[in-house]
Amino acid sequence: MKTQNKILIANRGEIAVRIIRACKELGILTVAIYSKADENSLHVKLADEAVCIGGNLSKDSYLNMSRVLSAAIATGCNAIHPGYGFLSENPKFVSMVEECQIRFIGPKASVIEKLGDKATARKIAISASIPVVEGSEGIIENAKEGLKIAKKIGYPVMIKASSGGGGKGISIVYSDQDFLSVFEKTQLEAMANFGDNQLYIEKFISNPRHIEIQILADHHGNTIHLFERDCSMQRRNQKMIEEAPSSFINDSLRKKMGQAAVKLAKTVGYTNAGTVEFLVDKEGKFYFIEMNTRIQVEHPVTEMITGVDLIKEQIKIAYDKKITLKQKDLTILGHAIECRINAENPFKNFMPTPGRIKRILLPGGLGVRIDGFIYPDYDVLPFYDSMLSKLIVFGKTRKEAIRKMRVALEQFVIEGIDTNIEYQYMIMHHPEFIKGSYDTGFIARFHSVMMEEYHEEFIK
Ligand code: ADP
Ligand code: ADP
Ligand code: MG
């Protein structure tokens, strides 16, 4: 008899909802886990079963490995989808899952272990002849050694947490004088966020583009890439808007970066979905920065331009199916843009704005997609990420996609709490964005200007 597949979703919010949808389409049963505060969350209502696994703080629920695993065993799940964040890149959790004979929807623990440590990942990239940003060979033993390396590379340099993620644990240093204090501050930040204070150093690339390659690899030796996403619209090293394809690279660079990403994946025996992140400088030179061994927040833009459902691919790969897509058959069908809609107030230094949502009107129409989880009377919780929803548009051209995004943002109404919808709308009208000539420093440079120029007109 064929076993009924059943997946535990070790996450919450929009990504849990997104995964439940894919499972339902594939005829797979789903189990949601939730914290006490998440009792009324959408993923709990949509899953076939739901298990409360603990208190409101992530460490008491979504990050509690044995509770997550116990829920999977108790409900008879044969696979776990980790989503992004939480335990998705935790090799200890993944080996526990493997030991219980449950499929982890992602790469093997041993592969995550190598790539999750960003200093080690750099070494692997170097061994595969993939260009990396000039920097330290590995972990910096102490501030004195770091200072020597920084002097050699030349300022400014970036001090980065080896376990870092989500834009945290990254600092820039401009001179010898500041090195020690920044080093210590970054160590503390890394310890507080990731429970690990190991740091490494990279040269600071000025005004780069962040361009990343989506890859898929099955258990049968097939590895493909699904082109790039441009995630250069960032605030404090955290992505805010993503698009695909990138207007900054041509076909030849696209091909080279795609090949480099596939090579890195093959070098480490990578399986499932992953993303190889690069910085591209003004001359069009690209440098590996890290690999994310999980599905990413911005995966929908790739889905829109390729027509491939990445979550379904992840699940099929985990159940040992072959990838049926062929590299040569994949083409870029148009242009997609994603805006992250967050519960935050950009006009008050992006302060998070949890609270009750009173009313919602969602945009729609051809090529407009929302991956979200909020509904009227839902309480946005202060315990978790402030992202409420992802608004994704697809058009034949970049210009059409921008126009669609403007209309969609205009028609996206969330009442009760402040959001960044208007701010995203302003960016969609900025000449630099429209030209596609922005870089990772855009928001830092223009925030104050935007506040003055647009605030009165659009917000008041
Ligand atoms: P993406 O790389 O998919 O764009 P982000 O960097 O925005 O994702 O991170 C997605 C989520 O995962 C955020 O909630 C972020 O805080 C969390 N996250 C990412 N990396 C880590 C990590 N190493 N440790 C803890 N949380 C992480
Ligand atoms: P995380 O693990 O937090 O995602 P990344 O290493 O991917 O960290 O870097 C996040 C962002 O920080 C990049 O997209 C880029 O904007 C900035 N950044 C990282 N390293 C450098 C560098 N060497 N020079 C300039 N910017 C950098
Ligand atoms: Mg990154």
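By class, the shell around ligand 2 has seven nonpolar, eight polar and six charged residues. Here Ala, Val, Leu, Ile, Met, Phe, Trp, Tyr, Cys and Pro count as nonpolar, Asp, Glu, Lys and Arg as charged, and the others, Gly among them, as polar. Before going on, some ground rules: this is a predicted model, where local features need pLDDT of at least 70 and side-chain atom pairs count only at pLDDT 80 or more, while totals for chains, interfaces and linings use all residues. Residues are numbered from 1 along each chain as its sequence is written, chains are lettered from A and ligands numbered from 1 in the order in which they are written, and side-chain values use heavy atoms, with hydrogens and water left out.

**Ligand 2**

The shell holds 21 residues, and Lys118, Gly167, His210, Gln234 and Glu290 come closest; a residue is near a molecule if one of its heavy atoms lies within 4 Å of it. The side chain of His210 puts an N or O atom 2.7 Å from an oxygen atom of ligand 2. On its own, ligand 2 has 550 Å² of accessible area, and the protein covers 96% of it (Shrake-Rupley method, 1.4 Å probe). Two or more shell residues each come from S6, strand S8 (199-203), strand S12 (272-280) and strand S13 (286-292). S6 gives the most, with four residues. Helices (H or I, at least four residues) and strands (E, at least two) are DSSP runs, numbered from the N terminus.

**Ligand 1**

Ligand 1 has 16 residues around it, with Gln238, Gln296, Val297, Glu298 and Asp385 nearest. They split by class into three nonpolar, eight polar and five charged. Strand S6 (157-165) and strand S11 (238-244) each bring at least two residues to this shell, and S6 again gives the most, here three.

Here are polar contacts for both ligands (pairs of N or O atoms within 3.5 Å):

| Residue | Protein atom | Ligand atom | Distance |
|---|---|---|---|
| Ser163 | backbone N or O | nitrogen, ligand 1 | 3.4 Å |
| Gln296 | side-chain N or O | oxygen, ligand 1 | 2.7 Å |
| Val297 | backbone N or O | oxygen, ligand 1 | 2.8 Å |
| Gly164 | polar backbone atom | oxygen, ligand 2 | 3.5 Å |
| Gly166 | polar backbone atom | oxygen, ligand 2 | 3.4 Å |

As for cover, the protein takes up 78% of the 550 Å² of accessible area that ligand 1 has on its own.

**Helix H3**

After H3 comes Gly76, with a positive phi near 70°.

**Leu147**

Leu147 belongs to helix H7 (residues 143-153). Why is Leu147 classed as partly exposed? Because its relative accessibility is 27%. Leaving out residues up to four places away in sequence, Leu147 touches Tyr155, Asp176 and Phe179. The C-alpha atom of Glu283, 136 residues away along the chain, is separated from that of Leu147 by 28 Å.

Key:
Buried < 20%, exposed > 50% of the residue type's maximum accessible area, 1.4 Å probe, protein only. Contact = heavy atoms within 4.5 Å. Polar contact = N/O pair within 3.5 Å; in protein donor to acceptor, adjacent residues only side chain to side chain.
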